[in-house]
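Look over the sequence and the model first, then read on.

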Amino acid sequence: MTETQEAVPMVGVRDVALPPAIAVRELGKVFTRRDRKKRRRFGKGRRTRVALDAVTFTIERGETVAILGQNGSGKSTLVRLLSTLLLPDGGSAEIFGHDVVAEHRAVRRLVNRVSVEASFFKKMSAAENLSYAARYYGMTSGQTRDKIPAILTRVGFPSDRRDESMENLSRGMQQKVALARALLTSPVVLLLDEPTTGLDPRSKLEVQDFIREIRTSHDSTILLCTHDLAEAEALAERVGILDRGRLLFLEPADEIKRRYGTSTLEEAFFAATGREFEAEGDDDDDREVFA
Amino acid sequence: MRTTFGTMRAELVGAGGVVERNAYLTKRYIWWDLAWFAWTVANTLTIVFIAKGIEASGGQLDVNATMTTLLIGAVVWAYLGILFMFLMETVAWERWEGTIEYTFMAPLSRAMHLAGQGAFAIIYGLVRAAFLFVVCAFVFFDLSMPNADFFAAFVVLVVSSISFIGIGMMMSVLPLISPEKGTQLGFVAQGTLLVVSGVYYPVEVLPQWMQWIATVSPATYALDGIREAIIEGQGLTAMWDELWPLMIIGVVSIPLGLWIFSRGEQYAKKHGKLKRSG
């Protein structure tokens, strides 16, 4: 039995006591930065921003949930907290019953992530980047020898470019390699943080198709954070809106529209917040730097 | 039992992954490394030529022994620079490329992560130090070392590396706290460590307070041991006076380095310093 399997309870039969894939309770995060202007005037200058404000939700195993939000709404902060890359200032978050702070090693075995920036060592090739990353998850060269070419083929990455430096690849190609890196370790929870932002329409569709394929063929729970309303509606079973750190709701898209009496999620966002979804104020720009 | 074995195996594979990654990067940047090696040779020559300069200006000294003494100091300086650079890059380079979050969210313990980084730094540093020594000693200066025990010198350098890695771990936390200037502070630590350790002169010429610091610096024992092995031809059995302090400093510095790094990591996770733009 692998360590991942040991960390995730088996689901041979329906068990009501089974922990949810993701359980977030009253999760809060506040960032503090020095403010030089304020310092000059008052001697001690600090700016604080609430990135997440008592966020609560659960996601069941196998579910795909989208969290919508503008830039600076706290989406990336949420993903980083669930990835054990940030420490919360309040509340708790659990992955399959494992606390992200107290049991971070167990959580790390279960989770992987694709972020808006396909971060790689740019001089290294796709195959090299995947190879060393897999070792961090305990995969030997014998295990990755066939798996890396197979997974790159699965995401539609051309085999003749596997040994080319990442810096020579388009953003769409790099994002496919990022997806391959995340899937290579067989995560049971996949955190997708704006995986299609900045991609050309064709690459965007290819990545979205691949996410659909993961939903059907992979035993993964997916949390998709995006500011693309159509993408959220098309890919997720439930949609939540994160607004300035607060989760307004998390329901099937049709129920949200029905509740607010609107025909689109964009209108529902307006009805819930009184603001246009695409409209961002100075405060949102400022929040983006923090969150 | 099986789980423990599996975890240990996964940790070793993970540490191997760090070595593998550094090997790929070294391969990709090999021409830059060669250019940097040429700079290191030039820098070492400027120091070793000082002995010739003193002789030319009428100074009375054993030129061969003085040049060898200076060369050993310069090679240890360069070696320490490599070790610290690799360990500082644990954070700095990864932050620049944006991969740091993926590394820090992997289920690899920080101890094995840093051990992998340290292991590659030692292997790479030893190869470079050996080349640097050979090029300067025998290609440029034709230095005479009839009694040299290179094996003993090698052992002293390897044992001292454990302490250096511990100190490097403490330094590598600096880019987490200050992404812009943290790496530069590592060079300050390198210089400070060597200046009190008799890098180009005997420790006895230093002020008393510096000599006290020298007693806890691993570089003091490394430089003494290597000079005794190469210049005086002393074997490993005569090195015990240098080896035991190095082992004790290593036993203390590695856990201390890990603890300081973990505190820095907690700080970075608290304040969101791991992300590239933060």
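How are α2(B) and α3(B) oriented to each other? Their axes meet at an angle of about 155°. Angles over 145 degrees count as roughly antiparallel, so α2(B) and α3(B) are roughly antiparallel to each other. Note that this is a predicted model.

**Chain B: overall fold**

- Chain B has twelve helices and zero strands.
- Read from the N terminus, its elements run α-α-α-α-α-α-α-α-α-α-α-α.
- The radius of gyration of chain B is 20 Å, close to the 19 Å that the globule rule gives for 278 residues, so chain B is as compact as a globular protein of that length.
- The C-alpha trace of chain B spans about 65 × 40 × 35 Å along its principal axes.
- Buried residues make up 46% of the 278 residues of chain B.
- Take the contacts in chain B between residues at least 6 apart in sequence: 82% of them join residues at least 24 apart.

**Chain B: α2 against α3**

- Helix α2(B) covers residues 30-56, and helix α3(B) covers residues 63-89.
- Their axes lie 9 Å apart.
- The crossing of the pair is right-handed.
- From α2(B), the contact uses Thr40(B), Thr44(B), Ile47(B), Val48(B), Ile50(B), Ala51(B), Lys52(B) and Glu55(B).
- From α3(B), the contact uses Val63(B), Thr66(B), Met67(B), Leu70(B), Leu71(B), Ala74(B), Val75(B) and Ala78(B).
- By class, this contact of α2(B) with α3(B) has eleven nonpolar, three polar and two charged residues.

**Chain B: α7 against α12**

- Helix α7(B) spans residues 150-172, and helix α12(B) spans residues 240-271.
- These two helices pack at an angle of about 25°, and their axes are 7 Å apart.
- Angles under 35 degrees count as roughly parallel, so α7(B) and α12(B) are roughly parallel to each other.
- The crossing of α7(B) and α12(B) is left-handed.
- The residues of this contact divide into 16 nonpolar, seven polar and one charged.

**Chain A: α6 against α7**

- In chain A, helix α6 (residues 141-154) and helix α7 (residues 171-184) have axes that come within 9 Å.
- Those axes cross at roughly 135°.
- α6(A) and α7(A) are therefore oblique to each other.
- α6(A) passes α7(A) in a right-handed crossing.
- On the α6(A) side, Lys147(A), Ile148(A), Ile151(A) and Leu152(A) take part.
- They meet Ala180(A), Leu183(A) and Leu184(A) in α7(A).
- The contact of α6(A) with α7(A) has six nonpolar, no polar and one charged residues.

**Where chain A meets chain B**

- How many residues of each chain are in contact with the other chain? The contact joins 27 residues of chain A and 27 residues of chain B.
- Two helices of chain A, α4 (104-110) and α5 (126-136), each supply at least two residues of the side that touches chain B.
- α5(A) gives the most to that side, with six residues.
- The side of chain A that touches chain B divides into eleven nonpolar, six polar and ten charged residues.

Notes
Residues numbered from 1 in each chain as written. Chains lettered and ligands numbered in written order. Predicted model: local features only at pLDDT ≥ 70, side-chain atom pairs only at ≥ 80, totals over all residues. Contact = placed C-beta atoms within 7 Å. Helix = DSSP H or I, 4+ residues; strand = E, 2+ residues; numbered from the N terminus. Nonpolar A, V, L, I, M, F, W, Y, C, P; charged D, E, K, R; others polar. Axes fitted to C-alpha atoms, helices over the stretch in contact; angles between N-to-C directions. Parallel < 35°, antiparallel > 145°, perpendicular 65-115°, else oblique. Left-handed = near helix turned anticlockwise from the far one by under 90°. Rg over C-alpha atoms; globule rule 2.2 N^0.38 Å. Buried ≥ 20, exposed ≤ 12 C-beta atoms within 10 Å, placed from the backbone.
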